[in-house]
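Please look through the model below with its sequence at hand, and then follow the report from one part to the next.

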Amino acid sequence: IETETVRYVYQPMESLRLVVITNKSSNMLEDLGTLGLLAKVMQECCQTRVSEEVVLRHSIDIVLAWDEVISFGHRESVTLSQVRSFIEMDSHEEKLHLMIQQEKVHAAQETAKRRERELANLQKDEMGSRSTSSIARFGSSDSLGSWTSEGFLSQESRGDSKQTAPPAWAPLAVDDSSTTVKPHAYPKTGMKLGRTKLSDVCASLGGCDFVTCQEPVEAPVMDPELVKIMIQEKVTANLGVEGSLIGNATCSGSFEVSILDPSKAGLICVKLAPQLQDLKYVVHPHLNKASHSNGLLQVRKDQSRFPTGECLKWQLKTSDDSFLPVAMSCWLTALGDGTHVIVELEFANSSAALENISIRFPAPASSRPSIASVSLGDAEHTDRHIVWRIPMFDSNADSGKLEFVASADAALLLPARFEATEIGSTKCPMDVLECHHQESEEAIPFVCMKKVAYELNIGR
């Protein structure tokens with residue numbers, strides 16, 4: 001619809017109409033493309049049927065999403081996936097604000113704990129001073145006697161030795177006064193501090209047998225590893241919803257060396273096991289490429305130190321589905337108000353063991369996702385995603401299934417992302433046989449670690 005000054009371009013959306021107002025000099029095809037993108041963005045924000053009530057409920061999300069498409073009256077060169085990623089991005093200002101608030105709370109807690117400790121120490125000091133003053137008053141009292149080696153003497157006996165002191169206690173006579181009991185006389189020598197022989201202790205105990213403890217023998221100190229070698233690979237691939245491999249799976253590997261003691265292992269030579277000849281290898285410029293073809297990693301003659309970091313890289317591409325350690329399929333069924341999703345995961349390689357498996361499906365909060373069941377690991381809705389986590393996946397637990405429902409179109413729940421780690425092995429054979437000094441040929445202790453990281457996209 002056109003008037004004298006503007007043009008109205010609209011698109012029906014169920015019971016509503018989406019209208020874009022432009023001037024008459026604008027490109028009609030671009031206006032239709034902008035209108036279609038705005039309609040897709042609005043449909044994604046609403047998730048369910050577009051109605052007046054739903055639009056009002058998600059008005060803020062719609063305005064923010066449209067702001068990514070149109071800026072100052074002109075369309076931005078963005079796609080629907082880019083708009084989705086822009087909306088889901090975390091705000092740096094929000095993170096900074098939360099960090100500042102958390103630091104304030106932490107500082108307040110630390111101040112309260114410090115004040116509590118100060119009060120506790122103050123109370124202890126007050127109690128100690130009170131007890132000390134009480135003991136001092138008790139010791140200086142003139143109404144009490146004192147304890148000596150002869151027994152308890154009263155004040156009168158200490159002040160005047162000629163005056164006869166009354167006995168501390170008197171025995172009870174049974175029949176006649178001739179029978180009395182004398183108190184036991186304590187020794188006049190006090191307790192002596194000194195070293196007591198073990199034989200004297202045993203003699204006082206009536207004799208005992210004991211075993212003399214021998215000094216422990218120190219274990220021989222092993223030489224620490226002077227070189228740390230990390231062999232890691234990254235496998236990336238795209239899969240269909242039925243689990244088939246789309247295109248090629250790419251395996252990119254790197255051989256990294258860290259020298260912990262350059263004075264002893266600065267000029268090392270690494271001997272490798274036989275490698276695949278059909279792989280594409282890239283050798284560090286400071287290393288001898290001819291030696292690498294013979295299975296040795298050593299520096300060139302004009303170099304005096306072995307390079308640290310990445311020394312060797314390789315890449316392998318294959319279209320074989322068995323190259324991947326898992327087989328995964330997704331079943332998406334459209335419902336009246338959403339989509340029902342079933343994900344099946346099977347272990348395909350009995351010799352491997354995957355750790356920290358994570359499978360993520362995009363699911364905004366407006367889609368109201370609900371997890372129906374999970375047979376392995378646990379699943380939750382967090383950060384606008386349905387996340388399925390499995391700590392360990394091997395031959396002992398070779399299959400798993402996740403089932404959830406979301407009020408969203410099937411296209412909005414894809415692509416899913418699979419991430420996992422395999423420790424102790426690599427897809428391409430790469431092993432270290434020995435490590436020695438390049439000049440003296442003395443063996444150098446080393447440690448070698450291997451890791452494979454999998455990143456698979458499903459339904460892209």
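## Reading the model

Helices and strands are DSSP runs, numbered from the N terminus, where a helix holds at least four residues and a strand at least two. With that naming, P415 has its place in the loop between β19 (399–406) and β20 (416–423). The model discussed here is predicted.

The peptide bond that joins L414 and P415 is cis, with an omega of about 5 degrees.

Positive phi values also deserve attention. N356, which is not a glycine, has a phi near 55 degrees, and N356 belongs to strand β15 (residues 354–362). Because its relative accessibility is 56%, above the 50% limit, N356 counts as exposed. E441 is likewise not a glycine and has a positive phi of about 60 degrees, but E441 is placed in the loop between β21 and β22 (446–458). With a relative accessibility of 62%, E441 counts as exposed.

## An aromatic pair and a charge over a ring

A pair of aromatic rings is described by the distance of the centres and the angle of the planes. The structure holds two aromatic pairs. In the pair formed by F347 and F393, the ring centres are 5.3 Å apart and the planes stand at 85 degrees, so the pair is edge-to-face. Since F347 lies in strand β14 (residues 339–347) and F393 in strand β18 (residues 385–393), this pair ties together parts that are 46 residues apart in sequence. F347 is buried, with a relative accessible area of 13%, and F393 counts as buried at 0% relative accessibility.

Another ring, that of F323, has K427 lying over its face, at 4.8 Å from the ring centre.

## Helix α1

How well does the span of helix α1 agree with what its 19 residues should give? Helix α1 covers residues 28–46, and at 1.5 Å a residue it should span 27 Å; its end C-alpha atoms are 27 Å apart, which agrees. At the start of α1, a side-chain oxygen of N27 reaches to within 3.0 Å of the backbone nitrogen of L29.

An α-helix has 3.6 residues a turn, so residues three or four places apart point the same way. The buried residues of α1 include D31, T34, L35, L38, M42 and C45.

## Strands and their partners

Strands of a sheet pair through backbone hydrogen bonds, either parallel or antiparallel. Strand β17 (residues 378–382) pairs with β18 in the antiparallel sense, over five bridges, and within this pairing D378 stands opposite R389 in β18. These two strands, β17 and β18, form a hairpin with two residues between them, and D383 in the turn has a positive phi of about 55 degrees.

Three strands make up an open sheet in the order β11-β9-β21, with antiparallel pairing. Its edge strands, each pairing on one side only, are β11 (296–297) and β21 (432–437). Strand β9 (residues 268–272) runs antiparallel to β21 and is joined to it by five bridges, with L272 standing opposite V432 in β21.

Leaving aside residues up to four places away in sequence, S254 touches M230, I231, Q232, E310, L312, K313 and W314.

Note on methods. Residues numbered from 1 in each chain as written. Predicted model: local features only at pLDDT ≥ 70, side-chain atom pairs only at ≥ 80, totals over all residues. Heavy atoms only, no water. Phe/Tyr/Trp six-rings, centres within 6.5 Å; stacked < 30°, edge-to-face > 60°. Buried < 20%, exposed > 50% of the residue type's maximum accessible area, 1.4 Å probe, protein only. Lys NZ or Arg CZ within 6 Å of the ring centre and 35° of its normal. Expected span 1.5 Å × (residues − 1). Polar contact = N/O pair within 3.5 Å; in protein donor to acceptor, adjacent residues only side chain to side chain. Contact = heavy atoms within 4.5 Å. Pairing = 2+ DSSP bridges.
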